[in-house]
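Open the model in your viewer and keep the selection tool ready. The tour goes stop by stop.

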Amino acid sequence: MEKEERILAYISHEIKAPIAGAYEMLNQIKKKAQMTNVEEVGHVQETLNYTMGVIEDVLHLLKLKQDNIILQTQALKLEEIVEQSLKMQEALCKKKGIACSVEYFGAGYRYLYTDKNCLLQILLNLISNAVKYTPSGGRVAVRVYQRIIEENRELLQLEIEDNGVGMSEEFLKEVFSPFMIREDVPLQGTGLGLTIVKLLVEKLGGNLDVKSQEWKGTIINFSVELDGADEFWERKEAIKEEPGTEACWPCYENKRVLLAEDDEVYMELMKNHLEEVGIEADKTYDGDEVIDIFTQAQQGYYQMIFLDMNLQEVSGFEAAKKIREFEKRGTTRIPIVGVSGYIDSYRSQEMYNEVIDGFLLKPLSKRDLYEVLGKYLGDQA
């Protein structure tokens, strides 16, 4: 594993995953808590949320620097992306009394083809920065310019202007450097937002320009050429959950899995999620014990094994190899799912794929967990 990948794996596994696990546990506590305790739990969650945001920024920066992000091109409606970005800042704008407006100029294609998440993150970062650094009673204006430059190709320009605190000429020279923070402005931030935006813009093949005057405001221009069309082919949409509801999942009665995880919070979180769909989970905390438990159990006693890839002493990978060797004596192959905060390096190496059937990424999503169950236990439910 390269040095950068080791850093990513460490941050994801040792810092990000435990915090996310703690947040989910607080969610469960919140549901059961007395009303007098709910507000206190909410304050803790806000702190964890902010910390998670910092970690996400660091991880994203490392991945971009490592060129470890693959663009997923898809058709999108530009107005929906812009409106979604503004909607996410609505509460803060209302709280600060900031007038936030959007205007569209020119004519473009109905659908644009690019990486939706990448474009959305660029807009979110730029608009949230403008709102964050604009004082109460200020204004933020978003202007969208579209111009068709040839058949199925258009130039998209986005301009975000605010009358906030602005930046000095000296600060502006280093504005895209990591961890640039104005110490005279009492606002939280990592100083990574514009660094990430710059790298994302370059990833899309676009340009970014910043003009600013201290205590007068900032204008940021983002431009990029994109493919466009007035129609696009139909594609099967993923099933979406309505806000405030949970998807319906099968019940796996009389099913048992072996769960190996060295983090107590994540262990309990996974166990709770598994029990919600009727699965019994036997817990273990190290690789040696996984091997002993599985090899001494009757064939068919377990229907699946979840292995943390970073178990102490004997790693999840080594434990999986031992289990596969044991199976060569005539036992049926059991599905083994690797769990890690950084799975890209495992997925890309054939030696892991020979013994691990699938991977789950931390922080753990209940949907991802249940989809893995459906994949390997679906016909047994």
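Here is what to select, and what is there.

**Ground rules**

This is a predicted model, where local features need pLDDT of at least 70, side-chain atom pairs count only at pLDDT 80 or more, and totals for chains, interfaces and linings use all residues. Residues are numbered from 1 along each chain as its sequence is written, and side-chain values use heavy atoms, with hydrogens and water left out.

**Whole chain**

Show the cartoon. The protein has 13 helices and 12 strands. Both are DSSP runs numbered from the N terminus: helices are H or I with at least four residues, strands E with at least two. Of the 381 residues, 44% count as buried. Buried means under 20% relative accessible area, exposed over 50%, and partly exposed in between, with a 1.4 Å probe and protein chains only. Among contacts with a separation of 6 or more, 71% join residues 24 or more positions apart. A contact is a pair of heavy atoms within 4.5 Å.

**Largest core**

Select Ile122, Leu126, Leu156 and Phe222. They have the most contacts inside the largest nonpolar core, which has 42 residues. Such a core is a set of buried Ala, Val, Leu, Ile, Met, Phe, Trp, Tyr and Cys residues joined through side-chain atoms within 4.5 Å. Now colour its suppliers: α3 (78–87), α5 (116–132), β4 (139–150), β5 (153–162), α7 (193–204), β6 (207–213) and β7 (217–229) each give at least two residues. Which element gives the most to this core? It is α5, with 10 residues.

Zoom in on Leu126. Leaving out residues up to four places away in sequence, Leu126 touches Ile160, Leu194, Val197, Leu208 and Ile220. Then move to a second, separate core of 24 residues, which includes Leu274, Leu369, Tyr370 and Leu377.

**Helix α7**

Select 193–204, the range of α7. Just after the helix, Gly205 takes a positive phi of about 80°.

**α5 against α7**

Two packed helices are described by the angle between their axes and the distance between the axes. For α5 and α7 the angle is about 150° and the axes are 10 Å apart. Axes are lines fitted to C-alpha atoms, for helices over the stretch in contact, and angles run from 0 to 180 degrees between N-to-C directions. Show the contact: α5 brings Cys118, Gln121, Ile122, Asn125, Leu126 and Asn129, while α7 brings Gly193, Leu194, Ile196, Val197, Leu200, Val201 and Leu204. These divide into nine nonpolar, four polar and no charged residues. Here Ala, Val, Leu, Ile, Met, Phe, Trp, Tyr, Cys and Pro count as nonpolar, Asp, Glu, Lys and Arg as charged, and the others, Gly among them, as polar.

**Ile336**

Select Ile336 in strand β11 (residues 336–340). Is Ile336 buried or exposed? Ile336 counts as buried because its relative accessibility is 0%. The C-alpha atom of Phe306 is 6.0 Å from that of Ile336, although the two are 30 residues apart along the chain.

**Two loop residues**

Finish with Trp215, in the loop between β6 and β7. Its phi is near 70°, positive in a residue other than glycine. Trp215 counts as exposed, at 54% relative accessibility. Asn254 sits in the loop between β7 and β8 (255–260). Phi of Asn254 is near 65°, also a positive value in a residue other than glycine. Asn254 is exposed, with a relative accessible area of 74%.
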